[in-house]
Amino acid sequence: METSSNYDRGKPQEPLTKLIGGVAVIKKINRALERLNNGDFGVCEECGREISEERLKARPMAALCIECKRVEEAEEKIKGL
Ligand SMILES: [Zn+2]
C-alpha cells in the first residue's frame, strides 16, 4: 500500500507574513476611519481626485484612485526586481 504522507509536506507555513499582512490591514482601516472623520474619504491620497464609486465598492479601504494604484504597483514591481 502506498502512503500519502508526503502530501502533507507542502509549502512551509509563513505565519509572520500573515501577521504583517494583518497589521497592514488594520493600519489601512484606521487610516480610512481617519479620512472618514476628516471628510476626505473617497479622495485619492496621491492626486486628490475622487476615487470612483465602483472602486470604493470593491475596496472600501482604498486610499488611492485606480490610476495612482497602478503606478504604485508598477513601482513596487520595479523595486521588487
Ligand atoms: Zn490618484
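**Start with the whole chain**

Colour everything by confidence to begin: this is a predicted model, with a mean pLDDT of 83 for the protein chain and 84% of its residues at 70 or more. Keep one caution in mind: where pLDDT is low, the predicted coordinates should not be read in detail.

Now switch to cartoon. Of the 81 residues in the protein chain, 5% are buried.

**Select 15–38**

This is helix α1, which has 24 residues. From its first C-alpha to its last it reaches 35 Å, close to the 34 Å expected at 1.5 Å a residue.

**Step on to Gly-39**

Click the residue just after α1: Gly-39 has a positive phi of about 85°.

**Jump to Pro-60**

Pro-60 sits in the loop between α2 (53–58) and α3. Count the C-beta neighbours inside 10 Å and you get 12, so Pro-60 counts as exposed; the cut-off for exposed is 12 or fewer. While you're there, draw a distance to the C-alpha of Gly-42: the two C-alpha atoms are separated by 8.3 Å, though the residues are 18 apart along the chain.

**Finish at 66–80**

Last stop, helix α3, with 15 residues. The span between its first and last C-alpha is 21 Å, close to the 21 Å expected at 1.5 Å a residue. α3 is hardly covered, with 0 buried residues among its 15.

Definitions and conventions
Residues numbered from 1 in each chain as written. Predicted model: local features only at pLDDT ≥ 70, side-chain atom pairs only at ≥ 80, totals over all residues. Helix = DSSP H or I, 4+ residues; strand = E, 2+ residues; numbered from the N terminus. Expected span 1.5 Å × (residues − 1). Buried ≥ 20, exposed ≤ 12 C-beta atoms within 10 Å, placed from the backbone. pLDDT = per-residue confidence, 0-100.
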